[in-house]
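Here is a brief report on selected packing features. It covers a strand, a helix pair and a chain contact.

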Amino acid sequence: MTPAIEIRQACKAYGDLKAVNCVDLEVGQGEFFALLGPNGAGKTTLINLLSGLCKPDSGRLSIMGFDVSRNYKDARRSVGVVPQELVFDPFFTVREVLEVQSGYFGISDNDDWIDEILTRLDLSAKADTNMRALSGGMKRRVLVAQALVHKPPVIILDEPTAGVDVELRQALWEFVRSLNEAGHTIVLTTHYLEEAQSLCSRIAMLKAGNIVALDTTENLLKGFSVRRVKLQISPDEMPEALKSRCLGLESGYHVLKLDEFSELESLLEALRKFGTEVTDMILPPPDLEEVFVEIMSEA
Amino acid sequence: MKGFSSLFYKEVLRFWKVGFQTLLSPLLSTLLYLLIFSHALGSHVQALPGVPYISFLIPGLAMMALLQNAFANSSSSLIQSKITGNIIFLLLSPVSYPEIFFAYVLASTVRGILVGIGIFAVTHWAIRVPLEYPLWALVFGILGSFILGATGIIAGIWAEKFDQLASFQNFIILPLTFLSGVFYSIRSLPPFWQQVSHLNPFFYLIDGFRYGFFGASDAPPYFSLLVVSICFAAVSLFTLGLLKSGYKLRN
């Protein structure tokens with residue numbers, strides 16, 4: 001099957017800064033994919049290259065098999081981008097914006113779909129309101145609506161929940177998840193790693209324009225996460241011999257590092273040997289944030 | 001074509017929504033020019049034989065307003081979109097660069113022509129201006145709007161700040177229009193300045209447009225048409241090249 005996104009040796013530099021450094025990446029149709037990285041890692045530049053907002057210095061990028069340079073019309077019809085910045089046109093109402101945007105994609109009678117998007121994004125009551133009069137959260141919803149007016153098979157969301165309240169964030173993810181279930185490919189960048197962990201099946205991590213990790217979310221969590229155990233003990237004093245394993249104290253629990261899950265038994269045995277009783281134990285699930293920090297510090 | 005028509009519609013709707021600023025305001029300032037210059041210079045200047053100065057002035061002022069507003073429409077729309085960032089909605093779409101060019105130029109033409117017609121409509125009840133060759137006036141009005149609409153695209157793409165755009169307008173567009181014979185016939189100038197005026201393309205726009213009204217002009221009308229057509233082709237090709245390259249838009 002044609003990949004939803006195919007990037008081969010894409011490079012983009014601004015002066016001496018290599019924003020994207022010969023990146024290879026493939027995202028399959030129907031995937032929910034995360035592109036993670038610290039600020040300045042090259043995530044937005046990569047999205048701009050895919051969406052035609054900037055031109056690559058070298059390499060080849062395609063969306064649904066359409067080259068973004070040679071076959072730009074079909075490529076752009078295949079992708080909807082929700083930009084990171086809260087941009088809007090202050091002259092128009094929400095409905096006017098969506099009608100004009102539909103026209104840009106060659107769609108004449110799009111009222112039914114526009115009404116459906118407005119309903120699903122809870123914007124119907126604001127359809128005839130000028131963009132200037134909307135709150136930040138509402139403007140963010142309109143950005144999502146604009147990216148969807150032409151029903152693109154691939155949707156790229158560049159930090160869509162930055163500065164967004166919890167209610168909208170949950171509503172947005174519910175909507176995006178339903179789009180993914182309906183077959184749309186979703187590419188997401190976010191600094192909220194718990195969102196990526198719960199939503200995305202595969203993750204790429206970028207640092208200084210390079211992909212430093214690319215795997216399924218499950219494998220990343222299995223392979224990289226430092227396992228931890230939280231123990232409440234009596235007496236509340238960690239034996240001297242085990243203090244090197246101690247990562248700190250959290251709400252009355254001693255947090256200890258486990259290189260392997262199988263080390264847990266020997267740890268508990270060592271505690272018993274020192275006459276320390278375990279009164280409570282928590283094994284926290286793997287955390288993408290820890291994986292992220294570890295990979296970024298290694299790369 | 002749908003991409004073109006949507007962008008054209010959006011650009012017309014944009015200036016229509018702020019009609020006080022984009023249509024009525026230039027109408028008022030042009031009428032003030034007319035009032036002041038006709039009273040201050042009316043008894044001193046004989047621009048064309050047998051033509052009262054105020055009648056001579058109206059087509060020139062109408063063309064000047066038309067040119068300035070055609071320029072203002074495309075340039076201000078582009079720079080506002082660039083600075084606020086909403087230009088990306090157009091850049092993310094499959095609208096081609098010729099469609100972008102024609103949509104901006106034609107919307108500028110609509111605004112320019114509306115301002116021009118407004119000036120004639122408001123002055124018509126008090127001042128009689130003949131219309132000897134309407135087609136000539138129309139052709140020069142449309143070509144002038146095209147050229148300045150396209151020049152506005154160049155300025156809007158090039159400028160990164162509002163003051164850069166204001167510099168373009170104040171140091172290039174304004175002097176070229178004021179020194180093009182709007183307020184006088186270049187025959188009244190010394191020979192050297194007559195020669196200099198012939199290097200100004202805006203002179204041919206105003207002179208050709210005025211020929212449509214009075215059937216008389218400083219330069220032969222077909223020569224003016226040739227110069228204006230060459231300018232239109234050159235400015236259009238340059239603008240299309242800029243849009244195709246993505247200069248300052250897709251970087």
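## Strand β8 of chain A

I156(A) stands opposite V187(A) in β8(A). The model is predicted. Strand β7 (residues 154-158) of chain A runs parallel to β8(A), and five bridges join them. Strand β3 (residues 32-36) of chain A also pairs with β8(A) in the parallel sense, over three bridges. F32(A) has I186(A) in β8(A) as its bridge partner.

Five of the five residues of β8 (residues 185-189) of chain A are buried, so the strand is largely enclosed by the rest of the structure. Both of its faces are covered. T185(A), V187(A) and T189(A) are buried on one side, I186(A) and L188(A) on the other.

## Helices α3 and α5 of chain A

Helix α3 (residues 94-104) and helix α5 (residues 136-148), both of chain A, have axes that come within 9 Å and cross at roughly 25°. Angles under 35 degrees count as roughly parallel, and α3(A) and α5(A) are therefore roughly parallel to each other. The crossing is right-handed.

From α3(A), V94(A), V97(A), L98(A) and Q101(A) meet V142(A), A145(A) and Q146(A) of α5(A). By class, this contact of α3(A) with α5(A) has five nonpolar residues, two polar and no charged ones.

## Contact between chains A and B

Chain B gives 22 residues to the contact and chain A gives 24. On the side of chain B that touches chain A, α1 (2-17) and α4 (88-91) of chain B each supply at least two residues. α1(B) gives the most, with eight residues. This side of chain B divides into eight nonpolar, nine polar and five charged residues.

Definitions and conventions: Residues numbered from 1 in each chain as written. Chains lettered and ligands numbered in written order. Predicted model: local features only at pLDDT ≥ 70, side-chain atom pairs only at ≥ 80, totals over all residues. Axes fitted to C-alpha atoms, helices over the stretch in contact; angles between N-to-C directions. Helix = DSSP H or I, 4+ residues; strand = E, 2+ residues; numbered from the N terminus. Parallel < 35°, antiparallel > 145°, perpendicular 65-115°, else oblique. Left-handed = near helix turned anticlockwise from the far one by under 90°. Contact = placed C-beta atoms within 7 Å. Nonpolar A, V, L, I, M, F, W, Y, C, P; charged D, E, K, R; others polar. Buried ≥ 20, exposed ≤ 12 C-beta atoms within 10 Å, placed from the backbone. Pairing = 2+ DSSP bridges.
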